[in-house]
Amino acid sequence: MTTPQFWSTPLRYLRWASHEKPAIFYSLIIGASGPLALVTLPPIRRFFGDVDPEPIPLTYPVPQGPRNIPRGYDDE
């Protein structure tokens, strides 16, 4: 039995793989959907009203004024 060549006849190979080797077929389908999702999902999300969250702060906010030192925790 000869295996169809993917690059010469991709649709024929996918049809063969869907019957004979479903794990290969579904891995190709899921792998192809990744780059497609990167292009299509952000506009669809924005259309339905989902907004991007605020960026996470990368620095700790420094409080204004003098530092309050906690009292009552010293070893006596």
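This is a predicted model: local features need pLDDT of at least 70, side-chain atom pairs count only at pLDDT 80 or more; totals for chains, interfaces and linings use all residues.
Reader: Which side chain does Asp50 meet in a salt bridge?

Author: For a salt bridge, look for a side-chain nitrogen of Lys or Arg within 4 Å of a carboxyl oxygen of Asp or Glu. Asp50 pairs with Arg45 in this way, at 2.9 Å from N to O. Arg45 is partly exposed too, with a relative accessible area of 32%.

Reader: How many salt bridges are there by this rule?

Author: The count is three. Shared partners link Arg45, Arg46, Asp50 and Asp52 into one network. Asp52, at 47% relative accessible area, is partly exposed, and so is Arg46, at 49%.

Reader: Let's step back. How many helices and strands does the protein chain have?

Author: Two helices and zero strands. Helix α1 covers residues 10-20, and α2 runs over 22-47.

Reader: Which residues of α1 are buried, and where do they lie on the helix?

Author: In α1 the buried residues are Tyr13, Trp16 and Ala17. Their directions fall within an arc of 100°, so they line one face of the helix. The face turned away from that side carries Leu11, Arg15 and His19, which are exposed. As for what covers the buried residues, α2 is included.

Reader: Which residues form a nonpolar patch on the surface?

Author: Here one looks for exposed nonpolar side chains that lie together. Leu41, Ile44, Phe47 and Phe48 form such a patch, with about 490 Å² of accessible area together. Phe47 belongs to helix α2 and is exposed, with a relative accessible area of 68%.

Reader: Which residues does UniProt list as a transmembrane region?

Author: An unreviewed UniProt entry lists residues 23-41. To read such a record against the model, check the secondary structure over the span: residues 23-41 are 100% helix and 0% strand, and the end C-alpha atoms are 26 Å apart.

Methods. Residues are numbered from 1 along each chain as its sequence is written. Side-chain values use heavy atoms; hydrogens and water are left out. UniProt positions are given in the numbering used here, feature names are shortened, and annotations may be inferred rather than shown by experiment. Helices (H or I, at least four residues) and strands (E, at least two) are DSSP runs, numbered from the N terminus. Buried means under 20% relative accessible area, exposed over 50%, partly exposed in between (1.4 Å probe, protein chains only). The arc is that of the directions from the helix axis to the C-beta atoms. Contact means heavy atoms within 4.5 Å. Patches are made of residues with over 30% relative accessible area and no salt bridge: like charges are joined within 9 Å, nonpolar side chains (Val, Leu, Ile, Met, Phe, Trp, Tyr) within 5 Å. Accessible areas come from the Shrake-Rupley method with a 1.4 Å probe; for residues, only the protein chains shown count as cover.
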